[in-house]
Amino acid sequence: MTSADPNPLTTHVLNTGDGVPAAKMDVSLHRLDSTLMIWNMLSVGTTNEDGRCSGLVSREAFSPGMYKLRFETGSYWENMGQNSFYPYVEVVFTITETEQRFHLPLLMSRFSYSTYRGS
């Protein structure tokens with residue numbers, strides 16, 4: 001991966017309960033202000049038909065620090081006509097080497113979720 005890549009951070013959401021991508025889910029990216037200890041929203045996006053969301057941060061705006069991705073899982077399930085236990089999922093992670101590419105998948109059902117650092 002070169003530093004010219006405009007998408008240093010991507011995500012992919014899979015509805016494992018139904019075995020399909022989680023399309024049309026709202027996602028937001030936040031960065032922790034370590035001085036004030038508050039989260040600042042950097043961007044918002046929506047997963048595409050394949051459950052993917054990229055373009056949340058540019059290479060130039062991607063700096064070392066603590067970030068979180070917030071997935072609006074409750075709204076997603078409500079739009080599917082179903083209930084869920086988790087109204088949202090937040091995945092907090094630390095970035096130290098901004099020249100790398102980071103992929104954070106979310107695997108979810110109505111009553112569980114898991115995540116990992118992908119490639």
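**Fold, core and annotated site**

Analyst: This is a predicted model. Ask away.

User: In what pattern do the helix and strands follow along the sequence of the protein chain?

Analyst: The protein chain has 1 helix and 9 strands. Read along the sequence, the pattern is β-β-β-β-β-β-α-β-β-β.

User: What radius of gyration does the protein chain have, and why does it agree or disagree with a compact globule?

Analyst: The C-alpha atoms fill a box of roughly 40 × 35 × 20 Å along the principal axes. For 119 residues, a compact globule would have a radius of gyration near 14 Å, so the chain agrees with its own value of 14 Å.

User: Among contacts between residues at least 6 apart in sequence, what percentage join residues at least 24 apart?

Analyst: The count takes contacts in the protein chain between residues at least 6 apart. Those joining residues at least 24 apart make up 63%.

User: Which residues of the largest nonpolar core touch the most other members?

Analyst: The largest nonpolar core has 23 residues. The residues that touch the most other members are Leu29, Leu69, Phe71 and Phe93.

User: Where does UniProt place the feature "binding site"?

Analyst: The annotation comes from an unreviewed UniProt entry. That record puts the feature at His12, Arg52 and Tyr116.

User: Is His12 buried or exposed?

Analyst: His12 lies in strand S1, residues 9-15. Beyond four places in sequence, His12 touches Asp50, Gly51, Arg52, His103, Leu104, Pro105 and Leu106. Its relative accessibility is 12%, under the 20% cut-off. His12 therefore counts as buried.

User: How does Tyr116 count by accessibility: buried, partly exposed or exposed?

Analyst: Tyr116 sits in the segment after strand S9 (112-115). Leaving aside neighbours within four places, Tyr116 is in contact with His103, Leu104, Pro105 and Leu107. Its relative accessibility is 45%, between the 20% and 50% limits. Tyr116 therefore counts as partly exposed.

User: With which side chain does the Thr10 side chain make a polar contact?

Analyst: Thr10 lies in strand S1 and, at 9% relative accessibility, counts as buried. Thr10 touches Cys53, Ser54, Arg101, Phe102, His103 and Leu104, sequence neighbours up to four places away not counted. The polar contact, at 2.6 Å, is with the side chain of His103.

User: How far apart in space are Ser112 and Ser84, C-alpha to C-alpha?

Analyst: Ser112 is in strand S9 and, at 38% relative accessibility, counts as partly exposed. Beyond four places in sequence, Ser112 touches Tyr86 and Leu107. Ser112 and Ser84 are 28 residues apart in sequence. C-alpha to C-alpha, they are apart in space by 9.1 Å.

Conventions:
Residues are numbered from 1 along each chain as its sequence is written. This is a predicted model: local features need pLDDT of at least 70, side-chain atom pairs count only at pLDDT 80 or more; totals for chains, interfaces and linings use all residues. Side-chain values use heavy atoms; hydrogens and water are left out. UniProt positions are given in the numbering used here, feature names are shortened, and annotations may be inferred rather than shown by experiment. Helices (H or I, at least four residues) and strands (E, at least two) are DSSP runs, numbered from the N terminus. Buried means under 20% relative accessible area, exposed over 50%, partly exposed in between (1.4 Å probe, protein chains only). Contact means heavy atoms within 4.5 Å. A nonpolar core is a set of buried Ala, Val, Leu, Ile, Met, Phe, Trp, Tyr and Cys residues joined through side-chain atoms within 4.5 Å. The radius of gyration is taken over C-alpha atoms; the globule rule is 2.2 Å times the number of residues to the power 0.38. A polar contact is a pair of N or O atoms within 3.5 Å; within protein, one must be able to donate a hydrogen and the other to accept it, and residues adjacent in sequence count only if both atoms are side-chain atoms.
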